[in-house]
Amino acid sequence: MTVHPAERTGTEPLDTGRTAGPADAILERQRARESSARTYARSFPIVPARAQGMTIEGANGRRYLDCLSGAGTLALGHNHPVVTEALRRTLGSGAPLHVLDLATPEKDAFTDALFATLPSGFADRARVHFCGPAGTDAVEAAFKLMQTATGRRGLAAFTGAYHGMTAGALAASGGVTTKQPVPGIAADVTRLPYPYSYRCPFGVGGERGARLSSVYTERLLDDPNGGVVPPAAMILEAVQGEGGAVPAPDAWLRDMRRITSERDIPLIVDEVQTGVGRTGAFWAVEHSGIVPDAMVMSKAIGGGLPLAVLVYHEDYDGWLPGAHTGTFRGNTLAMASGTATLRHVVEEGLTDRAAVVGARMTERLNALRGALPAIGDVRGRGLMIGVELVDPEAEPDSCGARPAAPQVAVQVRAACLERGLIVELGGRYDSTVRLLPPLVITDEEAEAVLDRLADAIAAVTAPQGRGVRA
């Protein structure tokens, strides 16, 4: 495999004598022609040619278990029969593929299927806005909606958050690197501490750390000299995805709902990655029982095709026509595949399946910590799991956390790819291995994922060893 020296990051899989072929030429053209901002292509220098379920087959014939699932987009995995049949049926019907925001039978069916999944007490007074086909546009729509409704400008957001890459969504996100080149990008955002027990912002962890976050938030918003102008909205993730699969405690989420309600601050919950059963509930807010004022949805709701919506309480529906538009907000095929996906997840009980398999995988990963001390923390909810890698020789901090090991994480990701497993990194310093398998993962596939991951960690951290099986 030919790799430009400037791009040799240590993530390329070992080439065991394979001669150059068509895939190598495709990769070479990609490096020559595509933007330097590409990410996954750097981490996974493969050329997927076919895919089914959880398996991707490269152009060279090698197969991989896909534990990335399009960053959580593929709830049913690749080319699930209910999705492909919905697409064939829609194409064969002669339905218009693009009609802006006009009503169609496909949109009506999708809206019915979506509203049927919404938390109790939300659907009966909800409105839906179809956005441009990415979660970040739905986040922008949510901000504009609440700014219009409240007449305020600022936002309250959290450390570790990720909401997208457009201006407003980026401002609300926690990552510093992508914001540094953009002057003033977060001027109107009040940053609040997210409860992250392993690396607690207050240095105490656990329930006490979450409680301190709630108290800090409440007192800061009420302090006349605290410097915070009442915001137009608060946005949060019930489980931070790109932030490293960090779940918020249910009690803390209930605190945020109470705090915002008492101060007439609309609460927006970003369910772009957590939605459609991934966390073991259809929507992650259901674990805590809260009902937000708005929910941002994308990724899995389109069944693998681009689709994003904003669902909100009708009391906030103060927009004028054209207040938030987008040419590709009427994707008929995405609505058809999305409807099929939403219904299949419900009918097959895949939400409960995600809870059971996710708990089993998390339990087994925790059991590996003794044999693999580079595993500092295992966390998540359902099939949204994070394995944070650390330096086991370093001194722990006040919460028992050891320093992150980003270089080890990069090597583990590459070692997983060598073993036929696709995983991606996230969290602080990109030191957390993230597992986002499809909800249809089999028991055998779950075991294979854990075996390959454990062996990769063992090989990287103790090369002389024979590996450890999960």
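This is a predicted model: local features need pLDDT of at least 70, side-chain atom pairs count only at pLDDT 80 or more; totals for chains, interfaces and linings use all residues.
## Aromatic pairs, a helix crossing and a buried histidine

Seven aromatic pairs are counted, with rings of Phe, Tyr and Trp taken to pair if their centres lie within 6.5 Å.

**Aromatic pair**

- The ring centres of Tyr 194 and Trp 252 are 5.3 Å apart and their planes stand at 65°, so the pair is edge-to-face.
- Because Tyr 194 lies in the loop between strand 6 (189-192) and helix 8 (206-222), while Trp 252 lies in helix 9 (residues 250-262), the pair ties together parts that are 58 residues apart in sequence.
- Tyr 194 is buried, with a relative accessible area of 1%, and Trp 252 is likewise buried, with a relative accessible area of 1%.

**Helix 12 and helix 13**

- The axes of helix 12 (residues 406-418) and helix 13 (residues 443-461) come within 9 Å of each other and cross at roughly 130°, which means that helix 12 is oblique to helix 13.
- The crossing of helix 12 and helix 13 is right-handed, and the contact is made by Val 408, Gln 411, Val 412, Ala 415 and Cys 416 of helix 12 together with Leu 453, Ala 456, Ile 457, Val 460 and Thr 461 of helix 13.
- Of the residues in this contact between helix 12 and helix 13, eight are nonpolar, two are polar and none is charged.

**His 344**

- His 344, which lies in helix 10 (residues 332-347), is buried, with a relative accessible area of 14%.
- Apart from neighbours within four places in sequence, His 344 is in contact with Leu 76, His 80, Val 82 and Leu 350.

Key: Residues are numbered from 1 along each chain as its sequence is written. Side-chain values use heavy atoms; hydrogens and water are left out. Axes are lines fitted to C-alpha atoms, for helices over the stretch in contact, and angles run from 0 to 180 degrees between N-to-C directions. Helices (H or I, at least four residues) and strands (E, at least two) are DSSP runs, numbered from the N terminus. Angles under 35 degrees count as roughly parallel, over 145 as roughly antiparallel, 65 to 115 as roughly perpendicular and the rest as oblique. A crossing is left-handed if the near helix is turned anticlockwise from the far one by less than a right angle, and right-handed if clockwise. Contact means heavy atoms within 4.5 Å. Ala, Val, Leu, Ile, Met, Phe, Trp, Tyr, Cys and Pro count as nonpolar, Asp, Glu, Lys and Arg as charged, and the others, Gly among them, as polar. Buried means under 20% relative accessible area, exposed over 50%, partly exposed in between (1.4 Å probe, protein chains only). Rings of Phe, Tyr and Trp (its six-membered ring) pair if their centres lie within 6.5 Å; planes under 30 degrees apart count as stacked, over 60 as edge-to-face and the rest as tilted.
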